[in-house]
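Hi everyone, thanks for coming. I'd like to walk you through one model this morning, so please have a look at it on the screen.

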Amino acid sequence: MAQSMLLYWSSGSPPCWRVMIALEEKQLQGYKHKHLSFDKNEHKCEEVKALNPRVQVPTFKHGDIVVNESFAACLYLESAFKSQGTRLIPDDPAEQALVYQRMLETNNLQQKMYDVAFYEWYVPEGERHESALKRNKESLIAELKLWDGYLEEMGKGSYLAGKNFTMADVVCFPVIAFFPRLHCPPERCPRLMEYYKMLKDRPSIKASWPPHWLEKPEGQDMLKNL
């Protein structure tokens, strides 16, 4: 079954990484994939353009089905292979609600992290202001407090949506992994850092770890002064 799948991906992209974790959790190893370099702009290639009008990665194809948004691809894999591998969406409606909430809240954490870590990349030099970066940092600090609070409420050793590993963890872990990599002070999010240490050696996460992170384990200190 996995042989009929094709994933276009780039190393270090949280959206790509979450799809790869989902594939591992659903025991779909052996899927075809093409690693495209952001630095060389390979993700804008004609192959991707033919499948994805947004011309971005991940671009995922299973037989004749094309799913380009990472959340959609993860949910598709759970739906199509519900009884295979790890059950990532619980049956109970209340438990489902929390999984979906944490999944969608991941967008807030990811964007606020990008707004600080990659501020100089996103904002042209003439439009940069220290006051804007300061507001971005304050917003990210508040967001981290929220997530630390969620884990505190869940109890030590908990996953993001309870006692079981779920789709919330699949989609959010690749974002959380950026904080230690970019030297975020651990005291800003101690519970998230405990969570990171608990999950980083999970087989699905280790198997899909970004190759360039393996080559260079420490990233730039973009979050050092948070």
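Let's begin with helix H3, which covers residues 70–80. Please keep in mind that this is a predicted model. Which residues of H3 are buried? They are Ser-70, Phe-71, Ala-73, Cys-74, Tyr-76, Leu-77 and Glu-78.

The assignment for the protein chain gives domain 1 as 5–81 and domain 2 as 93–215. Between the C-alpha centres of domain 1 and domain 2 the distance is 21 Å. In the contact, 16 residues come from domain 1 and 26 residues from domain 2.

How much area do the two domains bury between them? For domain 1 and domain 2 the figure is about 1800 Å², and 74% of that is on carbon and sulfur atoms.

There are polar features at this interface too. The rule finds one salt bridge across the interface of domain 1 and domain 2. If you look at Arg-202, you will see a salt bridge with Glu-25, where the closest N and O atoms are 2.7 Å apart. As for polar contacts, six residue pairs turn up across the interface of domain 1 and domain 2, both residues being at pLDDT 80 or more. On the side of domain 1 that touches domain 2, H1 and H3 each supply at least two residues. H1 gives the most to that side, with nine residues. Sorted by class, the side of domain 1 that touches domain 2 has 10 nonpolar, two polar and four charged residues.

Tyr-196 sits in helix H9, residues 190–199. Is Tyr-196 buried or exposed? Its relative accessible area is 13%, under the 20% cut-off, so Tyr-196 counts as buried. Setting aside neighbours within four places in sequence, Tyr-196 is in contact with Phe-173, Ile-176, Ala-177, Pro-180 and Trp-209. Phe-179 is 17 residues away from Tyr-196 along the chain, and their C-alpha atoms are separated by 9.4 Å.

Next, Asp-148, a charged residue that lies in helix H6, residues 130–154. Asp-148 is buried because its relative accessible area is 10%, and buried means under 20%. Which residues does Asp-148 touch, not counting those up to four places away in sequence? The answer is Cys-189, Pro-190, Arg-191 and Leu-192. Take Arg-191: Asp-148 and Arg-191 are 43 residues apart in sequence, yet 5.2 Å apart in space, C-alpha to C-alpha. With Leu-192, a polar atom of the Asp-148 side chain lies 2.9 Å from the backbone nitrogen of Leu-192.

Finally, Glu-105, which is found in helix H4. Glu-105 counts as buried because its relative accessibility is 13%. Leaving out residues up to four places away in sequence, Glu-105 touches Glu-143, Trp-147 and Tyr-150.

That's my tour for today.

Notes
Residues are numbered from 1 along each chain as its sequence is written. This is a predicted model: local features need pLDDT of at least 70, side-chain atom pairs count only at pLDDT 80 or more; totals for chains, interfaces and linings use all residues. Side-chain values use heavy atoms; hydrogens and water are left out. Buried means under 20% relative accessible area, exposed over 50%, partly exposed in between (1.4 Å probe, protein chains only). Helices (H or I, at least four residues) and strands (E, at least two) are DSSP runs, numbered from the N terminus. Domain bounds come from an automatic or database domain assignment. Contact means heavy atoms within 4.5 Å. Buried area is the accessible area (1.4 Å probe) that two parts lose on being put together, summed over both. A salt bridge is a side-chain nitrogen of Lys or Arg within 4 Å of a carboxyl oxygen of Asp or Glu. A polar contact is a pair of N or O atoms within 3.5 Å; within protein, one must be able to donate a hydrogen and the other to accept it, and residues adjacent in sequence count only if both atoms are side-chain atoms.
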